[in-house]
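Dear colleague,

Please find below the structure that I am handing over to you. My notes on what was found in it follow directly after.

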Amino acid sequence: MKTAIATVSIAGDLGEKLAAIAAAGFDGVEIFENDFLAFDASPREVGKMVRDHGLEISLFQPFRDFEGMPEPQRTRAFDRAERKFDLMNELDVDLVVVCSNVSAISLGGIDRAAADFSELGERAAKRGLRIGYEALAWGRHVSDHRDAWEIVRRADRANVGLILDSFHTLARKIDPDTIRSIPGDRIFFVQLADAPKIDMDLLYWSRHFRNMPGEGDLDVAGFMRAVAATGYDGVISLEIFNDQFRGGSAKAISIDGHRSLVYLMDQLKRAEPDIRIDVPAMPDRIAAHGVEFVEFAANDTEAAELSAMLRTLGFTRVGRHVAKQVELWRQGGINIVINTERQGFAHSAYVMHGTSVCNIGLRVDDAHATVERARALGAELFEQHVGPGELHIPAIRGVGGGLVHFIDAKSDLARVWDIEFVPVADDTQSCDAGLKRIDHMAQTMDGKEMLTWQLFYTAIFDMAKTPMVDVIDPSGLVQSRAIEAPDGALRVTLNGVENRRTLAGHFLAESFGSTVQHLAFETDDIFATAEALIANGFTPLVISPNYYDDLDARFGLDEDFLDRLQSVSILYDRDGDAEYFQLYSPLYGEGFFFEIVERRGGYGGYGAANAQFRTAAQKRHMRPKGMPKR
Ligand code: MG
Ligand code: MG
């Protein structure tokens with residue numbers, strides 16, 4: 001499999017783009033003409049620069065408004081093509097994409113277009129060049145790959161072929177299986193792009209909202225299966241027009257792009273075992289069985305505050321690390337680790353972000369296989385000196401720089417608590433509050449990074465994304481989406497910050513990109529848990545009485561039940577017969593908090609309708625602007 005990406009997909013000048021594309025592992029680039037025109041170097045120099053990066057120019061793009069023109073525009077179109085052929089010869093690229101004509105003066109007719117391509121092919125052949133024809137979804141006369149193929153077929157030139165672009169086919173809801181009948185050797189190039197399902201003008205949708213395969217809602221995998229069935233084994237290229245990507249980090253977007261292609265082709269190989277697909281062998285997507293531990297980095301003072309809060313939540317300090325200043329707190333199946341070391345990764349994380357989650361341990365079947373898959377998908381492995389008596393626990397860096405460790409039951413790893421920790425007798429007993437497991441982790445990030453995180457989780461793990469929801473903060477919008485294992489054993493909510501004045505934005509700014517903003521613990525009995533918490537001295541986040549009036553209006557709740565909810569500030573949601581209960585801690589530090597949830601009757605959401613009331617209550621508790629920190 002040869003991979004490429006169009007230069008228009010990422011930020012920077014041509015030199016910066018090429019460096020990022022090469023570093024991400026692509027084999028080639030589509031040179032977007034404007035990127036070339038805006039760059040101050042001759043075509044020969046640009047060609048050399050591309051090759052010096054170890055890349056090839058897979059395609060020159062685009063040539064527009066060519067076929068079906070009346071005279072004198074027809075002659076001019078051919079003259080224009082000859083000029084581009086000169087340029088292509090100097091760049092040393094042999095394939096150009098001709099997009100279907102959008103000009104109002106262009107004339108229809110399959111034979112007329114075929115005759116134009118036949119002549120263009122003849123001229124290109126003299127220069128050793130090839131022509132690829134692509135149907136734009138908004139083309140004036142040709143907007144369907146089947147028509148483009150018919151034109152190519154009738155043009156009947158060996159150097160005139162078809163270019164397919166998943167966006168144009170899928171956005172128009174054309175069945176991708178219609179590609180299967182096209183001979184693979186007549187397909188010259190394949191461009192892939194996904195997009196979120198938005199009902200809007202096709203051109204605008206395409207130019208601003210495309211994203212990497214797997215990041216959107218289009219069936220790019222089904223499209224690619226049809227392409228593979230034709231025997232096509234040429235370049236698979238990303239042509240992504242996206243405003244955020246063009247304003248983002250060229251390096252990060254290139255890595256996402258390459259990851260999306262490797263992920264797509266790996267899944268394709270599994271779906272179509274009879275087709276030869278050249279993609280590195282790796283374990284299949286990893287089943288994640290839950291969160292084994294969450295580790296906080298802290299200094300001594302803040303560790304004491306955090307410990308006090310854990311105690312009110314019903315946690316007990318049960319262990320101390322054999323060699324490090326690391327404590328283990330536990331309740332039910334939840335392990336919280338507090339690391340106050342003055343060296344190593346946790347300390348660097350503390351210096352950078354303040355008290356924050358720096359490391360997450362996930363339960364998997366095979367920790368080494370997990371790291372192997374992550375590595376094949378471009379994740380960065382993490383190694384730190386392992387002291388005497390310590391286990392080597394396989395780990396990678398998460399996208400935000402925090403660590404993800406993997407614990408499996410097949411090795412010694414699951415015994416980490418017995419091996420690396422000595423039991424301690426906790427002096428002050430708090431009352432167990434019935435918290436069983438981590439229901440979800442909420443990670444906060446810049447809105448531009450949301451797709452990166454989403455792709456990271458869904459490519460490595462057997463997890464799927466849920467639809468995006470808008471969470472209304474008094475100061476703006478936060479976009480939220482969950483990534484879930486099929487059995488719910490691991491749930492991560494991603495919150496994308498657009499605006500620093502929102503609670504999530506404040507947290508992100510003050511913690512310098514720390515990512516876990518809240519941890520939600522699961523209980524089987526929210527009312528018993530609330531009682532135990534209050535006995536432990538826990539003060540729940542107080543929710544406005546207006547919320548309970550509205551709740552009553554929405555669901556028509558029993559008065560006693562409503563009183564019970566309000567007396568301990570529990571938020572409530574219902575979906576059919578399924579019910580959800582939420583209880584929040586006050587804010588800790590610059591916006592971190594704990595949540596306690598109970599799911600009844602298979603409730604699958606996260607109480608999105610409640611999020612704005614919770615956020616408003618939390619913001620009332622934040623320190624006023626201009627006040628010193630703590
Ligand atoms: Mg295209
Ligand atoms: Mg939550």
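Buried means under 20% relative accessible area, exposed over 50% and partly exposed in between, with a 1.4 Å probe and protein chains only. Helices (H or I, at least four residues) and strands (E, at least two) are DSSP runs, numbered from the N terminus. After α6 comes D156, whose phi is positive, near 55 degrees.

**Basis of the values**

This is a predicted model, in which local features need pLDDT of at least 70 and side-chain atom pairs count only at pLDDT 80 or more, while totals for chains, interfaces and linings use all residues. Residues are numbered from 1 along each chain as its sequence is written, chains are lettered from A and ligands numbered from 1 in the order in which they are written, and side-chain values use heavy atoms, with hydrogens and water left out.

**Metal sites**

The magnesium ion (ligand 1) is coordinated by E134 (OE), D165 (OD), Q191 (OE1) and E239 (OE), at 2.1 to 2.2 Å. Donors are N, O and S atoms within 2.8 Å of the metal (3.2 Å for Na, K and Ca); water is not among the atoms, so sites may look incomplete. Along the sequence, the donor residues of ligand 1 have the spacing E-x30-D-x25-Q-x47-E. Because E134 lies in strand β5 (residues 130-134) and Q191 in strand β7 (residues 187-192), this pair ties together parts that are 57 residues apart in sequence. E134 is buried at 2% relative accessibility, and Q191 is buried at 0%.

For the magnesium ion (ligand 2), the coordinating residues are H440 (NE2), H518 (NE2) and E595 (OE), at 2.2 to 2.3 Å. Their spacing along the chain is H-x77-H-x76-E. H518 belongs to strand β22 (residues 516-523) and E595 to strand β25 (residues 593-600), so the pair ties together parts that are 77 residues apart in sequence. H518 is buried, with a relative accessible area of 6%, and E595 is buried at 1%.

**The eight-stranded sheet**

Eight strands form an open sheet with mixed pairing, in the order β14-β15-β13-β9-β12-β11-β10-β16. Two strands pair if DSSP finds at least two bridges between them. β14 (395-397) and β16 (421-423) stand at the edges with a single partner strand each, so one side of each is left without a neighbour in the sheet. Strands β13 (residues 356-364) and β15 (residues 403-407) run parallel and are joined by five bridges; N359 stands opposite L403 in β15.

In helix α18 (residues 526-535), the buried residues are I526, F527, T529, A530, A532 and L533. What covers them includes α12, β17 (435-446), β22, α20 (559-567), β24 (578-584) and β25, where contact means heavy atoms within 4.5 Å. G537 follows α18 and has a positive phi, near 90 degrees.

The largest nonpolar core has 188 residues, of which F117, L192, I336, L519, F521, L565 and F594 touch the most other members. Such a core is a set of buried Ala, Val, Leu, Ile, Met, Phe, Trp, Tyr and Cys residues joined through side-chain atoms within 4.5 Å. Apart from it lies another core, of nine residues, among them A297, A346, A349 and Y350.

With kind regards
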